[in-house]
Amino acid sequence: GGTAPAVREADEPVRLDKWLWAARFFKTRALATEAIAGGQVEVGGRHVKPGRDLKLGDVVRVRLGPYVHVVSVLKLSGRRGPAAEALKLYEEDPVARAARERLREQHRLAAHAFAFGEGKPSKKERRALDEFRGRLNE
């Protein structure tokens, strides 16, 4: 058998799951397929099947955890390359990027705001608590 072309011609469609994997939104095609089936991916504002062929200019919305990526398809590729190459496959919507970065910042600040205690109380502290609670119950 022959080898498939590395980068497809503009008129040759690529499956959505394969493109998401090539664009490095997901580590494996199986994960991409699972996310699409789970309704975390939309093309043109509608939920689609993993085998849906993408076209240049399609707007893809991908939810990864709390973050939403809205991108326009610039290139079609079914081959996964380096991250720098993957970035050339799409252009991100600036409004969606700004919203995602705000959310990331909020999460970062929330993580700092929540201070964990010193862990569980020592035996001495537990005895003091028990004694204190005992006095309350009298």
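Me: By the rule for side-chain nitrogen and carboxyl oxygen, how many salt bridges are counted?
Reply: This is a predicted model, in which local features need pLDDT of at least 70 and side-chain atom pairs count only at pLDDT 80 or more, whereas totals for chains, interfaces and linings use all residues. Residues are numbered from 1 along each chain as its sequence is written, and side-chain values use heavy atoms, with hydrogens and water left out. A salt bridge is a side-chain nitrogen of Lys or Arg within 4 Å of a carboxyl oxygen of Asp or Glu, and by this rule the count comes to eight.

Me: Which residue is linked with R15 and D17 in a network of salt bridges?
Reply: Side chains of opposite charge can pair when their charged atoms come close. R15 and D17 form such a salt bridge, at 2.9 Å from N to O. The network that holds R15 and D17 also includes R29.

Me: Is D17 buried or exposed?
Reply: The classes rest on relative accessible area, found with a 1.4 Å probe and protein chains only: buried is under 20%, exposed is over 50%, and partly exposed lies in between. R15, the salt-bridge partner of D17, counts as partly exposed at 35%. D17 has a relative accessible area of 2%, so this residue is buried.

Me: Which residue meets R97 in a salt bridge, and what is its relative accessibility?
Reply: The side chain of R97 meets that of E92 at 3.5 Å, N to O. R97 is partly exposed, because its relative accessible area is 41%. Its partner counts as buried, and the residue and value asked for are E92 and 15%.

Me: What is the N to O distance in the salt bridge of K88 and E85?
Reply: K88 is partly exposed, with a relative accessible area of 45%, and E85 is partly exposed as well, at 39%. Their side chains meet in a salt bridge, N to O, at 3.3 Å.

Me: Which residues gather in a patch of positive charge on the surface?
Reply: Patches are made of residues with over 30% relative accessible area and no salt bridge, with like charges joined within 9 Å and nonpolar side chains (Val, Leu, Ile, Met, Phe, Trp, Tyr) within 5 Å. Lys and Arg count as positive, each charge being placed at NZ of Lys or CZ of Arg. One member, K123, lies in helix 5 (residues 123–137) and is exposed, with a relative accessible area of 52%. The residues that gather in the patch are K120, K123, R126 and R127.

Me: What is the phi of R24?
Reply: R24 is found in the loop between helix 1 (16–22) and helix 2 (29–37), and at 38% relative accessibility it counts as partly exposed. Most residues other than glycine have a negative phi. R24 is not a glycine, yet its phi is positive, at about 65°.

Me: What distance separates the C-alpha atoms of R46 and V60?
Reply: R46 belongs to strand 3 (residues 46–47) and is exposed, with a relative accessible area of 61%. R46 and V60 are 14 residues apart along the chain, and their C-alpha atoms are separated by 9.4 Å.

Methods. Areas by Shrake-Rupley, 256 points an atom, 1.4 Å probe, with all protein chains shown as cover. Helix = DSSP H or I, 4+ residues; strand = E, 2+ residues; numbered from the N terminus.
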